[in-house]
Amino acid sequence: MNNDTEMSEFVETLQGQLEIFVNRMKSNQSRGRPIANDTSVQGLFVNITAMHGQLLSYIQQQEAKRGDCG
């Protein structure tokens with residue numbers, strides 16, 4: 001699998017995790033429930049945080065490519 005394919009899959013996964021995270025938070029807010037008690041929100045936060053380093057790496061790669069072209 002090439003780097004662009006890996007990056008696309010990573011972005012799709014991250015986007016999905018973020019959408020679920022936001023939806024859960026909005027759901028809790030509308031019901032007046034604290035997010036601190038929602039294990040799904042906590043788990044999603046851990047997953048998203050763990051993905052942050054890889055996201056930064058992909059951003060740097062894209063910036064480097066852009067710099068090479070310009």
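Two aromatic pairs are counted in this predicted model. Rings of Phe, Tyr and Trp (its six-membered ring) pair if their centres lie within 6.5 Å; planes under 30 degrees apart count as stacked, over 60 as edge-to-face and the rest as tilted. The count of salt bridges also comes to 2. Here a salt bridge is a side-chain nitrogen of Lys or Arg within 4 Å of a carboxyl oxygen of Asp or Glu.

Residues are numbered from 1 along each chain as its sequence is written, and side-chain values use heavy atoms, with hydrogens and water left out. Because this is a predicted model, local features need pLDDT of at least 70 and side-chain atom pairs count only at pLDDT 80 or more, while totals for chains, interfaces and linings use all residues.

**Aromatic pairs**

- Phe10 and Tyr58 form a tilted pair, with 5.3 Å centre to centre and 55° between the planes.
- This pair links distant parts of the chain: Phe10 sits in helix H1 and Tyr58 in helix H2, 48 residues apart. (Helices are DSSP runs of H or I with at least four residues, strands are E runs of at least two, and both are numbered from the N terminus.)
- Both Phe10 and Tyr58 are buried. (Buried means under 20% relative accessible area, exposed over 50%, and partly exposed in between, with a 1.4 Å probe and protein chains only.)
- Phe21 and Phe45 have ring centres 6.5 Å apart and planes at 35°, so this pair is tilted.
- Phe21 belongs to helix H1 and Phe45 to helix H2, so the pair ties together parts 24 residues apart in sequence.
- Phe21 is buried, at 16% relative accessible area.
- Phe45 is partly exposed, at 49% relative accessibility.

**Nonpolar core**

- The largest nonpolar core has 9 residues: Met7, Phe10, Leu14, Phe21, Val41, Leu44, Ile48, Met51 and Tyr58. (Such a core is a set of buried Ala, Val, Leu, Ile, Met, Phe, Trp, Tyr and Cys residues joined through side-chain atoms within 4.5 Å.)
- Helix H1 (3-31) and helix H2 (39-69) each supply at least two residues of this core.
- H2 gives the most to the core, with 5 residues.
- Met51 is in contact with Phe10, Thr13, Leu14 and Gln17, leaving aside its neighbours within four places in sequence. (Contact means heavy atoms within 4.5 Å.)

**Helix H1**

- H1 has 29 residues and reaches 42 Å from its first C-alpha to its last. That is close to the 42 Å expected at 1.5 Å a residue. (The expected span is 1.5 Å times one less than the number of residues.)
- The buried residues in H1 are Met7, Phe10, Leu14, Gln17, Phe21 and Asn28.
- H2 is included in what covers the buried residues of H1.
- At the start of H1, a side-chain oxygen of Asn2 comes to within 3.2 Å of the backbone nitrogen of Asp4.
- Gly32 follows H1 and has a positive phi, near 70°.

**Salt bridge Asp4–Lys65**

- Asp4 forms a salt bridge with Lys65, and their closest N and O atoms are 3.1 Å apart.
- Asp4 lies in helix H1 and Lys65 in helix H2, so the pair ties together parts 61 residues apart in sequence.
- Asp4 counts as partly exposed, at 40% relative accessibility.
- Lys65 also counts as partly exposed, at 37% relative accessibility.

**Salt bridge Arg24–Asp38 and the loop**

- The side chains of Arg24 and Asp38 meet in a salt bridge (2.9 Å, N to O).
- This pair links distant parts of the chain: Arg24 is in helix H1 and Asp38 in the loop between H1 and H2, 14 residues apart.
- Arg24 is partly exposed, with a relative accessible area of 34%.
- Asp38 is buried, with a relative accessible area of 8%.
- The two side chains of Asp38 and Arg24 also make a polar contact (2.9 Å). (A polar contact is a pair of N or O atoms within 3.5 Å; within protein, one must be able to donate a hydrogen and the other to accept it, and residues adjacent in sequence count only if both atoms are side-chain atoms.)
- A polar atom of the Asp38 side chain lies 2.8 Å from the backbone nitrogen of Ser40.
- Asp38 touches Arg24 and Asn28, not counting residues up to four places away in sequence.
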